[in-house]
Amino acid sequence: MIELENVAYSYGDGELLSDISLKLAPGSFHFLTGPSGAGKTTLMKLCYGALLPTAGQLRLFDRDVRAMTRDDVAMLRRRMGVVHQDCQFLDHLPLSENIALPLHVSGRSSEAAGEDLGDLMHWVGLTERADALPPELSGGERQRAALARAVIMSPDVVLADEPTGNVDWEMSQRLLRLLIELNRMGKTVVVATHDLGLIRATKAHVQARVLRIANRRIQLAGADL
Amino acid sequence: MKRVFGLMRRAMQPDAQADRVVPSSGFTAQLTLFAAGAMAFLAVFALALSLAAGRLAEQWGDELARTATIRIAAPDDQQQAQTDAALRILQTTRGVAQARALSDAEQSALLAPWFGADLELDRLPVPRLIEVIETAEGVDAAGLRLRLAAEVPGAVLDDHSRWRDPLVKAASRLRTLGWVSIILIAAVTAAMVTLAANAALAANAQVISVLRLVGATDDYIARAFIRRFTLRALIGAAAGMVLGMIAVLLMPRGGDETASFLTGLGFQGIHWLVPLLIPPLAAAVAFFATRAAARRTLEGLS
């Protein structure tokens with residue numbers, strides 16, 4: 001599904017990631033952890049094709065990312081749900097339209113979008129906030145909305161970068177339950193976080209693999225916390 | 001051409017949701033509307049100038065090409081005889097539809113602007129003028145000159161080409177300048193729309209980033225901007241065209257021959273329909289300018 005082989009990524013003179021080899025199998029649950037600045041977000045961006053490796057080979061859905069055009073990457077993103085660290089919404093559109101954006105972008109009909117959207121808004125508990133603009137939402141609501149937008153296309157992979165970074169413990173547990181539910185539905189889930197409590201809580205419910213990034217490399221793969 | 005129309009039709013297909021993903025930006029919207037409107041207004045005048053100059057070139061060319069003047073400069077006692085001889089030659093000359101000697105009153109009227117209305121022709125050695133109107137096939141000027149030289153020594157044929165040609169050339173040049181102006185107006189419109197589109201694209205980098213995150217192709221993102229700028233250019237140009245045509249319509253008409261160029265500046269007959277092409281052309285210019293700007297920007301943001 002997502003396969004990295006001796007991947008390195010450099011920006012300017014500095015190497016941010018080095019010799020990363022990783023295989024994300026369908027239906028698996030992965031945590032990416034490590035100190036701030038370790039390269040978690042960079043690795044996530046590589047995984048959804050926002051960055052290209054400067055060395056090594058990166059394959060997304062069995063295709064070499066270097067051989068893809070921007071439109072090819074855009075098409076692949078429709079099979080991936082991304083929860084960005086700062087959520088990223090279109091602030092001038094109401095929440096419901098933001099969540100439905102992937103459907104519109106991929107040319108799905110409004111009727112189909114309406115049906116999926118209603119279910120999803122209910123699932124993340126945002127039905128009452130459908131008409132609110134993103135700047136009017138709380139941190140937790142934004143995170144749940146970002147998760148809803150990430151899964152509305154029923155993607156094969158969900159990549160969440162610090163999804164609980166700006167929310168309280170109760171909300172982070174709620175988001176965690178949503179991610180676990182997605183994994184039980186057969187989705188591959190990758191969560192970048194430095195919240196060890198979140199990782200422990202997850203491992204109580206699902207088999208999760210923990211990947212620790214330090215010194216530009218994955219140092220612990222498959223280790224239990 | 002078919003491919004270009006297909007491209008434009010596809011990009012301009014209404015998509016309410018896609019139109020909403022890009023927030024409306026006051027500055028770029030106003031700039032595009034104003035630029036398109038002002039350029040369309042100027043284009044109407046350039047078009048009016050070009051078409052009027054074209055009409056004038058044709059009119060001068062046609063009218064002057066079909067007339068000639070023979071000047072008889074002979075001693076007083078021979079002038080009438082030479083005038084009669086010239087008229088006889090003209091009667092048998094192929095290509096002459098009509099020839100007549102101007103009367104004293106007509107010659108006085110011609111000289112009045114320089115010598116005053118009370119001019120007595122008898123007291124001045126004024127040559128006699130013969131007006132020649134040619135048929136459509138025209139007169140062989142060289143042959144006629146030879147015959148006149150042999151039989152009417154005081155006759156000089158003026159076929160008007162000496163001053164007709166520069167006039168026709170000037171009118172033709174004016175027509176060309178009108179078209180060049182229209183091309184420049186189109187280029188300036190493209191530049192202004194490109195500027196506005198670049199500003200809008202730069203201001204919406206975050207929107208583009210979100211759209212890419214959710215799987216939007218470059219084509220989808222570009223279309224959202226293209227549709228907006230093309231429609232703005234169309235609306236602005238339509239308003240500018242209407243105002244321009246009203247201004248042309250309100251221009252004074254009539255006047256004497258010397259003012260006919262200025263008072264004739266406008267459209268005639270079917271030419272009134274030509275400015276209707278300006279809004280769709282402005283929209284086409286905006287379409288391609290925005291498309292190029294969007295592609296360049298999206299390439300740069302990758």
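In chain B of this predicted model, helix α4 (residues 76-91) packs against helix α6 (residues 141-151) at an angle of about 145°, with their axes 10 Å apart; axes are lines fitted to C-alpha atoms over the stretch in contact, and angles run from 0 to 180 degrees between N-to-C directions. Local features need pLDDT of at least 70, side-chain atom pairs count only at pLDDT 80 or more, and totals for chains, interfaces and linings use all residues. Residues are numbered from 1 along each chain as its sequence is written, and chains are lettered from A in the order in which they are written.

**Helix pair in chain B**
- The contact (C-beta atoms, placed from the backbone, within 7 Å) is made by B:Ala85, B:Ala86 and B:Ile89 of α4(B) with B:Arg147, B:Leu148 and B:Glu151 of α6(B).
- These contact residues divide into four nonpolar, no polar and two charged.

**Strand β7 in chain A**
- Five of the five residues of β7(A) (residues 157-161) are buried, so the strand is largely enclosed by the rest of the structure; buried means that 20 or more other C-beta atoms, placed from the backbone, lie within 10 Å of a residue's own.
- A:Val157, A:Leu159 and A:Asp161 point one way from β7(A), while A:Val158 and A:Ala160 point the other way.

**Strand neighbours of β7(A)**
- Strand β6 (residues 80-83) of chain A runs parallel to β7(A) and is joined to it by four bridges, with A:Val83 opposite A:Ala160.
- Strand β8 (residues 188-192) of chain A pairs with β7(A) in the parallel sense over five bridges, pairing requiring at least two DSSP bridges, and A:Val189 is the bridge partner of A:Val158.

Key
Helices (H or I, at least four residues) and strands (E, at least two) are DSSP runs, numbered from the N terminus. Two residues are in contact if their C-beta atoms, placed from the backbone, lie within 7 Å. Ala, Val, Leu, Ile, Met, Phe, Trp, Tyr, Cys and Pro count as nonpolar, Asp, Glu, Lys and Arg as charged, and the others, Gly among them, as polar. A residue is buried if 20 or more other C-beta atoms lie within 10 Å of its own, exposed if 12 or fewer, and partly exposed in between; C-beta atoms are placed from the backbone.
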